[in-house]
Amino acid sequence: METVFKQFVSEKQIEEVKKKRQEEWEKVRTPDQPLVQEEEKYDHRSLYEQLKSQKDKVETDRAEQFKFKNMIYKGLDDEESKFLQLVSQQQAEQKAQRIQQEKDEIMLFHISLGSSVSCFVV
């Protein structure tokens with residue numbers, strides 16, 4: 001069983017790792033990407049602080065979401081109700097026109113059917 005201890009890391013070792021990462025970056029880099037790979041962001045906070053900030057963010061997002069759901073509905077004002085009434089009236093007129101047009105087409109069909117039947121019967 002091998003135990004892992006944190007070892008001292010020299011400046012030379014750090015530079016070697018950076019150089020190796022840069023070489024790997026050059027292999028996979030596309031022309032539109034920067035020449036030097038950005039350093040990885042190191043979060044110096046403790047694990048507790050990181051988890052707490054994530055939890056706080058989730059809680060604020062959830063509170064914001066429910067804030068809008070629980071707003072009191074104030075109803076429609078006069079302008080909105082007039083607009084909706086106008087839209088409803090226009091839809092009713094269009095429906096009535098459509099029904100009348102269908103009736104006219106059916107009547108014309110029956111008339112043309114009746115005249116063609118009378119031609120065959122005679």
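User: Why is the contact between Lys52 and Asp56 called a salt bridge?

Analyst: The closest N and O atoms of Lys52 and Asp56 are 3.7 Å apart. A salt bridge is defined as a side-chain nitrogen of Lys or Arg within 4 Å of a carboxyl oxygen of Asp or Glu, so the pair qualifies. The model is predicted: local features need pLDDT of at least 70, side-chain atom pairs count only at pLDDT 80 or more, and totals for chains, interfaces and linings use all residues. Residues are numbered from 1 along each chain as its sequence is written, and side-chain values use heavy atoms, with hydrogens and water left out.

User: Where do Lys52 and Asp56 lie?

Analyst: Both lie in helix α2, 4 residues apart, about one turn of the helix. Helices are DSSP runs (H or I, at least four residues), numbered from the N terminus.

User: What makes Asp61 and Lys57 a salt bridge?

Analyst: Their N to O distance is 3.8 Å, and this pair therefore also meets the definition. Asp61 and Lys57 are likewise 4 residues apart in helix α2, about one helical turn. The structure holds 2 salt bridges.

User: Why is Lys57 called exposed, and why is Asp61 called partly exposed?

Analyst: Buried means under 20% relative accessible area, exposed over 50%, and partly exposed in between (1.4 Å probe, protein chains only). Lys57 has 53% and therefore counts as exposed, whereas Asp61 has 44% and so is partly exposed.

User: How are Lys52 and Asp56 classed, and why?

Analyst: Lys52, at 40%, is partly exposed. Asp56, at 33%, therefore also counts as partly exposed.

Note on methods:
Helices (H or I, at least four residues) and strands (E, at least two) are DSSP runs, numbered from the N terminus.
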